[in-house]
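Student: I'd like to learn how to read a model like this one. Could you walk me through it, one feature at a time?

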Amino acid sequence: MSTNLGMPRVGRKRELKFATEKYWRQEITASELLATATDVVDDIYKQQVNAGIDLIPVNDFSFYDRVLDLCCLLGMTPKRFQKNVQSFYLDEYFRLARGDGDIAAMEMTKWFDTNYHYLVPEVEATSNPAFSNQLFAQQILPELDTEKQKFCLIGPVTFLALAKGADAVDKYAIQNKLSKAYLDLLKHIEGLGYENIQIEEPILGSDLSLKDKGFFSTFYSELTENLKANTKIHLVTYFGNVEGNIDLISSTSFESVHLDIITDESNIENIKSITSKNISLGIISGRNIWRLNWEKTIEGIVSLPVENFETVYLGPSTSLQHLPYSIELEKKIDDELLSWLAFAKEKIKELSLLANYLSNESLNDEIKIIKEANQTRQSSNRVTKADVRERMSGLTDKDFERNNVFSIRQDAQKKKFNFPILPTTTIGSFPQTTDIRKARANLTKGEISQQEYESFMQESIVECIKIQEDLDLDVLVHGEPERNDMVQYFGELLSGFAFTSFGWVQSYGTRCVKPPIIYGDVERPEAMTVKWSQFAQQNTKKVMKGMLTGPVTILQWSFVRDDQPRKDTCYQIALAIRDEVKDLEDAGIHVIQVDEAAFREGLPVRRAQWNEYLKWAVDTFRLTTACVEDSTQIHSHMCYSEFNDVIEDIAAMDADVISIECSRSNMELLKAFKDFDYPNEIGPGVWDIHSPRVPSQGEIENLIEKAKNSVKLENLWINPDCGLKTRGWPEVKNTIEHMVSATKKVREQLSS
Amino acid sequence: MRISYEFFPPADLDFKRVTRHFNKLRSFKPSFLSVTFGAGGSSENKSLGLLKELQAHTDVDVATHLTLVGKSIDDIDAIIQKLKILNVKTVVAIRGDSPNNLFVPVKKGFINTSDFVAYLKRNGFEVCVSAYPEPHPESEGFEFDLQLLQNKVEAGASRAITQFCFDLPKFDRLVESIAKKNINVKLIPGIMPVTSIKNILRMADRCGIGISKSVTKRFNGNLSDDVKAAKELCLEQIEYLQNLGLDDFHFYTLNRSDLTYSILKEIKANEIHEHKSWNAKSWQEERIKIRN
């Protein structure tokens, strides 16, 4: 039997996104938004029926986020959102996600190790969970089919585990009321006529606290006796191995239990411990965009220890919401590469083909096409490149080590650059104005020539340099006007990458991203940034910083090939960027920043697997940057705010200077660096660039004073929190002026 | 005083008969006409047929009623296409009656009338809506109806035609509330010239409104007496409403001309004594002055 766990829900061509944004701008009515949503829901349901899926998820749709839906259904909306009696419920719902004037939106954070963001439930002292069916007035569902459909919900244990308690509130204090509310929700769903209910508890794939375990036992042990006899609860886990939580799962009689055996193959070991009547197995990836490997998948399935189960459901490892809609829409990707790809629509077809094949073993044309694609992919010289392989196998420890330790390098760098104490710089990008975007769009449309485009960009660079010189910054950047995106820009210039036209994946709410596809060995055909940086350096006497994106970030924000370990792909990218680092150095750029914005989000869900990841993630950074002279200064930037648990690894990256996001925490984050006695130079951000506010010189002086207490003076840099691409020029100029004056004032105080 | 007439497509499709009645009423110079619009495909064509026929007999705007109940947005789009071809400029947007008075939006349909109004407005129509001196039978009360009216006006409706109502002080409440809530709409009372009390009662029952004894007892069953009574009733009503500052009246002609004709003729004769034309706001100010 085939099943699915969820579909992408923004529509074939992001129809829901556009309709929702129009609704927010009051260009369409709620009725029209609901009509668009109905089309999206009907379409994804029809695709699954047509594909022949036996048990189809419904209510996998959401107008914004399914955790937010659950907050509404369980009466868990934060107190600061006083309900406006007259308003339409969907408006209230969007207020929670987007804030309203001075009322801050609910916080958003990454959904496990994906690039999707959910809204974080808030448990307050006043929280009083109770089922509320108001949201169901806007619930859009296909016509009821009891046999074929399962109603999907995120489970209460995951919900509470992901919630945050307000100050001094023990979030677990609400668990009894939450259980009651959730049970009422389930009864309501029974009342709608559904017999199959999918409860998703992805938290079971991570390390559970004792309180989470306790809540799981209490909730699920009482569950079945409180529901109708014909209600079937399908427990779904994904994103990891349920090891350590298997006793919990087995203590309740579920209709079926779903295990993700793709994310972590060793989850197969847990199959024999599952005591439910049926089992559901995630046997194709819900996270990548590759056609399944037919032979390997069949072999894998037939060897699974599933003889004790009445029914075996074959499903994707996770919900398919993390995939684009369909390859049918792609016109620019060549046929061969396209035949290797499967997006959501193609994946559900694969599931149904697998289920049918396993019951009657007859090969049809569709299967033959998949097998052919498997073969061309395995033998293609677009995928495997001998010179890349050779270079990989020839790597030695030396390639990962700078010539000398940091203290020696620091001396060489101080001598060479002679920066003032507390050197000032920025993180790299400057405002991407409308003119810049327009020039890029015009180049794509062919309305201006490459030459015209380049001279326009050069003018922008010269202007950007002039502004930085006037502001008297110490280390300048060229401003990155020529870059569309920090990953896409490099992907487009590297071989082994492909770009889709409609490969959109929801990141949060109506925001979607279009990750590049890494299909083959990565190589750098020619220098990618050298001419821009060189041009910039020629236009100033000050030091110009070269700007690159790090290998882990490029990897994390792409769809990565599945025919070799992620680690290997990351090493290949590292080698390509390493060549760029070297070329920049040769071209006279002697401060080079390699950003690793996504370093932390690559951490596996399970703590036990962290070390393995951190080892190669750190290594790839070292491989990228170790090729330079002692006197060349390597910078890195990290825009996240939890360092305690990875500080050792950040130190191991051995960048000469790192800049971090710090202003929002009021320099609290530096404690981790102080406690660890972080050896290299640090630039804690003194301007929260996520807000359009211009901080005063005094405020920045205060932050610098604080930073001085945690970081040795000779190691301290002054810079904003992040790149300035999304800010406007006036606030950028103002704030940097304040930042530089504040720095100068502190310098004066120090010298007197 | 500005007047307008409402007609409906007759079951026998004798549109000529309707236009004959209209022609008798033309001399009073209506500011617009409206044609009701039933549910379902066949009556849609009937309404458009009558609309076309009336358009051929007049230069004034012929508005069409349009209900949203039972129609998806796609259905509405199809109708809008036809209305555009017929050069219809004004739509009277109404939710319409639903079975058991329980409104359930159809799949991909409008979930409320104000969304429907906004949609029509965006499609270039001038939009007229309904207003209720007495709460609508499905409504949660007067205040609730008023909020709906406000929503419809904020969505773009410029005129509101009222349900017929013989309990005149109820109009005071409506006019006063509209002024107080600053709802920017031209209120047009609907006038129902009906000679038979039986018909009045039947229609009142259908619309969920009450008819007081003081009204019923004016009818004795003798046709000529009843015609006179009906005429007086309407004239009294119009005078009362004019004193409230209202100056637009929509006649539910029921496809007949006689009674409406005699009412309007009487008014026309009296119009020499031109009354003061008040609007809702100045009326409100006047009231406050009197009170103080």
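**Reading the model**

Tutor: Let's start with confidence: chain B has an average pLDDT of 89, with 90% of its residues scoring at least 70. pLDDT is the predictor's confidence in each residue, from 0 to 100. This is a predicted model, where local features need pLDDT of at least 70 and side-chain atom pairs count only at pLDDT 80 or more, while totals for chains, interfaces and linings use all residues. Residues are numbered from 1 along each chain as its sequence is written, and chains are lettered from A and ligands numbered from 1 in the order in which they are written.

Student: Where does pLDDT stay under 50 in chain B?

Tutor: Over residues 272-278 of chain B, where the model has four contacts beyond four places in sequence. Two residues are in contact if their C-beta atoms, placed from the backbone, lie within 7 Å. For the model overall, the scores are ipTM 0.85 and pTM 0.89.

Student: What describes two packed helices?

Tutor: The angle between their axes and the distance between the axes. Axes are lines fitted to C-alpha atoms, for helices over the stretch in contact, and angles run from 0 to 180 degrees between N-to-C directions. Helices (H or I, at least four residues) and strands (E, at least two) are DSSP runs, numbered from the N terminus.

Student: At what angle do helices α20 and α21 of chain A pack?

Tutor: About 20°, with the axes of α20 (residues 566-586) and α21 (residues 610-625) 7 Å apart. α20(A) and α21(A) are therefore roughly parallel to each other. The cut-offs go like this: under 35 degrees is roughly parallel, over 145 roughly antiparallel, 65 to 115 roughly perpendicular and the rest oblique. The crossing of α20(A) and α21(A) is right-handed; a crossing is left-handed if the near helix is turned anticlockwise from the far one by less than a right angle, and right-handed if clockwise. Residues making this contact include A:C570, A:Y571 and A:A574 from α20(A), and A:W616 and A:L623 from α21(A). By class, the contact of α20(A) with α21(A) has eight nonpolar, three polar and two charged residues.

Student: How are α24(A) and α25(A) oriented to each other?

Tutor: Helices α24 (residues 697-710) and α25 (residues 729-751) of chain A pack at about 50°, their axes 8 Å apart, so α24(A) and α25(A) count as oblique. Their crossing is right-handed. Among the residues in contact are A:I700 and A:I704 of α24(A), and A:M739 and A:V746 of α25(A). The contact of α24(A) with α25(A) divides into five nonpolar, four polar and two charged residues.

Student: Now single residues. Is A:V522 buried or exposed?

Tutor: Burial is a neighbour count: a residue is buried if 20 or more other C-beta atoms lie within 10 Å of its own, exposed if 12 or fewer, and partly exposed in between, with C-beta atoms placed from the backbone. A:V522 has 28 such atoms within 10 Å, so A:V522 is buried. A:V522 sits in strand β16 (residues 517-523) of chain A. Beyond its neighbours within four places in sequence, A:V522 contacts residues including A:L494, A:T569 and A:I573.

Student: And B:S212, buried or exposed?

Tutor: Exposed, because B:S212 has 9 C-beta neighbours inside 10 Å. Look for B:S212 in the loop between α7 (197-207) and α8 (213-216) of chain B.

Student: What should I know about phi?

Tutor: Most residues other than glycine have a negative phi. In this model, A:F112 has a positive phi, near 50°. A:F112 is in the loop between β2 (108-110) and β3 (117-119) of chain A, and A:F112 is partly exposed, with 19 other C-beta atoms within 10 Å. A:N418 also has a positive phi near 50°. A:N418 lies in the loop between α14 (406-417) and α15 (434-445) of chain A, and with 8 C-beta neighbours inside 10 Å, A:N418 counts as exposed.

Note on methods. Ala, Val, Leu, Ile, Met, Phe, Trp, Tyr, Cys and Pro count as nonpolar, Asp, Glu, Lys and Arg as charged, and the others, Gly among them, as polar.
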